[in-house]
Amino acid sequence: MMKVIKLWSDGGCRNNQCINNNIGAYAYHLEYWVDGKLIHEKSCSEGERNTTNNIQELKGCLEGLKAIKDKTIKVEVYLDSSYTLLGITQWINGWVAKGWVNSKKEPVKNKELWIALDNEKSKFRNIEFIKVKGHANDKGNILVDKLLNDTMDSM
């Protein structure tokens with residue numbers, strides 16, 4: 001029996017550069033597949049004020065992974081954020097080795113979220129991060145983008 005969980009995550013922030021006057025949200029969508037058949041799906045979105053786009057991107061991925069109960073099933077994580085994808089698959093090892101400073105010798109932003117995401121990722125036996133083009137033809141990405149924008153609209 002072939003089981004896979006597909007996770008789409010996204011984050012956004014309106015007025016991203018305005019520290020005290022912005023709204024942001026993240027969303028994730030989970031699908032549980034068995035032998036090529038969709039068995040169950042779940043979506044979630046939450047918003048907050050005075051945040052950043054990058055924080056919301058990280059939270060979408062983190063909260064989506066936390067929502068997966070069975071960490072032994074293969075997980076495919078689809079995201080449109082190069083920041084999150086490269087950070088969790090490439091940059092994080094260098095940050096840890098260098099004491100959480102980036103290539104410019106500056107403290108890594110959102111360190112606490114990176115640590116939490118890395119810890120959550122390490123709980124999975126088989127996890128793959130896959131880049132998708134945002135606002136394109138990926139139905140899961142379109143769904144999470146709509147969810148987070150609906151959340152921001154209601155704030």
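Trainee: Which residues is Asp 80 in contact with, leaving aside its neighbours within four places in sequence?

Mentor: This is a predicted model, to begin with. In it, Asp 80 is in contact with Asp 10, Glu 57, Lys 131, Val 132, Lys 133, Gly 134 and Asn 141.

Trainee: And where is the place of Asp 80?

Mentor: Asp 80 sits in the loop between β4 (74-79) and α2.

Trainee: What is the nearest side chain of opposite charge to Asp 80, and how far away is it?

Mentor: That is Lys 131, at 6.2 Å. Asp 80 is buried and has no salt bridge. A salt bridge needs the nitrogen and the carboxyl oxygen within 4 Å.

Trainee: Which side chain does the side chain of Asp 80 make a polar contact with?

Mentor: The side chain of Asn 141, at 3.2 Å.

Trainee: OK, salt bridges then. How many does a search of the whole structure find?

Mentor: Eight. One of them joins the side chains of Glu 48 and Lys 59, with N to O at 2.6 Å. That pair links distant parts of the chain, since Glu 48 is in strand β3 (residues 37-49) and Lys 59 is in helix α1, 11 residues apart.

Trainee: Which residue does Glu 63 form a salt bridge with?

Mentor: Lys 66, and the closest N and O atoms are 3.5 Å apart. Both residues lie in helix α1, three residues apart, which is about one turn of the helix. Glu 63 is partly exposed at 24%, and Lys 66 is partly exposed at 44%.

Trainee: Switching to helix α3: which of its residues are buried?

Mentor: In α3 (residues 111-121), the buried ones are Leu 113, Trp 114, Leu 117 and Glu 120. Seen down the axis of α3, they fall within an arc of 130 degrees, so they line one face of the helix.

Trainee: What covers the buried residues of α3?

Mentor: The cover includes α1 (53-66) and α2 (82-97).

Trainee: Back to Glu 120. Which side chain does it meet in a salt bridge?

Mentor: Lys 123, at 3.1 Å, N to O. Glu 120 is buried at 7% relative accessibility, whereas Lys 123 is partly exposed at 49%. Salt bridges that share partners join Lys 71, Glu 120 and Lys 123 into one network.

How values were computed: Residues numbered from 1 in each chain as written. Predicted model: local features only at pLDDT ≥ 70, side-chain atom pairs only at ≥ 80, totals over all residues. Heavy atoms only, no water. Buried < 20%, exposed > 50% of the residue type's maximum accessible area, 1.4 Å probe, protein only. Helix = DSSP H or I, 4+ residues; strand = E, 2+ residues; numbered from the N terminus. Arc of directions from axis to C-beta. Contact = heavy atoms within 4.5 Å. Lys, Arg positive; Asp, Glu negative; His and termini not counted. Polar contact = N/O pair within 3.5 Å; in protein donor to acceptor, adjacent residues only side chain to side chain.
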